[in-house]
Amino acid sequence: MNNIMNLFSLTGKSAIVTGANTGLGQGISIALAAAGAHVFGVARRSCDETQEKINEINGMFTEVIADLSDISAIDKIINEVSSKTDRIDILVNNAGVIKRCDAIDVTPDDWDLVTNLNEKMVFFLSQAVAKQWIADKKGGKIINIASMLSYQGGIRVPAYTSSKSAVAGLTKALANEWAAFNINVNAIAPGYMATNNTTQLRNDNNRNDDILARIPAGRWGTPQDMYGAAIFLASEASSYMNGFTIAVDGGWLAR
């Protein structure tokens, strides 16, 4: 049994997690650090809280400040991380943004803000690490963060739905090309999670009640609910998984 559990160990691995300062990115960072990885948390603002939580479990965490809305930040991220570790083993494309308004009122600027971060950055940051992995022939793990709106249309979030549908498709497309190089590309689709992205929904009593009524588990998810799936997809335990999106949703899609 001990040998089997070693499949889930990330000891000696280095992981980039985008959007690591709050919410799901913070939770994923804690999980990977607890499994033994040195986590490089990328965010536009300070990751002090994430650092403190990982310090409490004696994990390894290094902050990388970068504006993820512009792909010009990619070289800075890769160079900074590469200067502090022998190689990058895991990439978690978690950073994302959501803009809520009626579809009739969406502006080009808001559309570009959402899709540049949620979709364009995901592809080009993945491409940057994949180039290294293909060159050194050692492979790696990419985990994209999809959404319930990778499957459904949603309400008042057309740019977000478009971007998260793209993430699910991109996960398959990259897996098809890169699996032969021992690069596993998979995704996690969180359900309705209690994070800063859903504050507006949770503060709307009618929407909150409607959402809870559909979740078989009867509660909003938490960043801790992401731990298992994140460790699994980052570890050797998922070495024959390619192009799949795991829903961590309390049963939302089964309803």
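At 74% relative accessibility, Lys137 counts as exposed (over 50% relative accessible area; buried is under 20% and partly exposed lies in between, with a 1.4 Å probe and protein chains only). This is a predicted model, in which local features need pLDDT of at least 70, side-chain atom pairs count only at pLDDT 80 or more, and totals for chains, interfaces and linings use all residues. Residues are numbered from 1 along each chain as its sequence is written, and side-chain values use heavy atoms, leaving out hydrogens and water. Helices (H or I, at least four residues) and strands (E, at least two) are DSSP runs numbered from the N terminus.

**Residues with positive phi**

- Lys137 lies in the loop between H5 and E5, and its phi is positive, about 60 degrees, although Lys137 is not a glycine.
- Arg156 belongs to the loop between E5 and H6 and has a positive phi near 65 degrees, again in a residue other than glycine.
- With a relative accessible area of 36%, Arg156 is partly exposed.
- Most residues other than glycine have a negative phi.

- Helix H2 covers residues 23-34, and its twelve residues reach 17 Å from first C-alpha to last. This is close to the 16 Å expected at 1.5 Å a residue, where the expected span is 1.5 Å times one less than the number of residues.
- Eleven of the twelve residues of H2 are buried, including Gly23, Gln26, Ile28 and Leu32.
- H2 and H9 pack at an angle of about 55 degrees, with axes 9 Å apart; axes are lines fitted to C-alpha atoms, for helices over the stretch in contact, and angles run from 0 to 180 degrees between N-to-C directions.
- H2 and H9 are therefore oblique to each other (angles under 35 degrees count as roughly parallel, over 145 as roughly antiparallel, 65 to 115 as roughly perpendicular and the rest as oblique).
- Gly27, Ile28, Ile30, Ala31 and Leu32 of H2 meet Tyr227, Ala230, Ile231 and Ala234 of H9, contact being heavy atoms within 4.5 Å.
- The residues of this contact divide into eight nonpolar, one polar and no charged (Ala, Val, Leu, Ile, Met, Phe, Trp, Tyr, Cys and Pro count as nonpolar, Asp, Glu, Lys and Arg as charged, and the others, Gly among them, as polar).
- In helix H9 (residues 227-234), the buried residues are Ala229, Ala230, Ile231, Leu233 and Ala234. Their cover includes H2 and the strands E4, E5, E6 and E7.

**Helices H5 and H6**

- H5 (residues 108-136) and H6 (residues 158-178) pack at about 15 degrees, with their axes 8 Å apart. That makes H5 roughly parallel to H6.
- Among the residues in contact are Trp111, Phe123 and Ile134 in H5, and Tyr160, Leu170 and Trp178 in H6.
- The contact of H5 with H6 comprises 14 nonpolar, six polar and two charged residues.

**Two buried positions**

- Val64, in strand E3 (residues 60-65), is buried with a relative accessible area of 0%.
- The C-alpha atoms of Val64 and Ala43 are 6.6 Å apart, although 21 residues separate them along the chain.
- Not counting residues up to four places away in sequence, Val64 touches Phe40, Gly41, Val42, Ala43, Lys76, Ile77, Glu80 and Val81.
- Thr85 sits in the loop between helix H4 (73-82) and E4 and is buried, with a relative accessible area of 16%.
- Beyond residues up to four places away in sequence, Thr85 touches Ser14 and Phe40.
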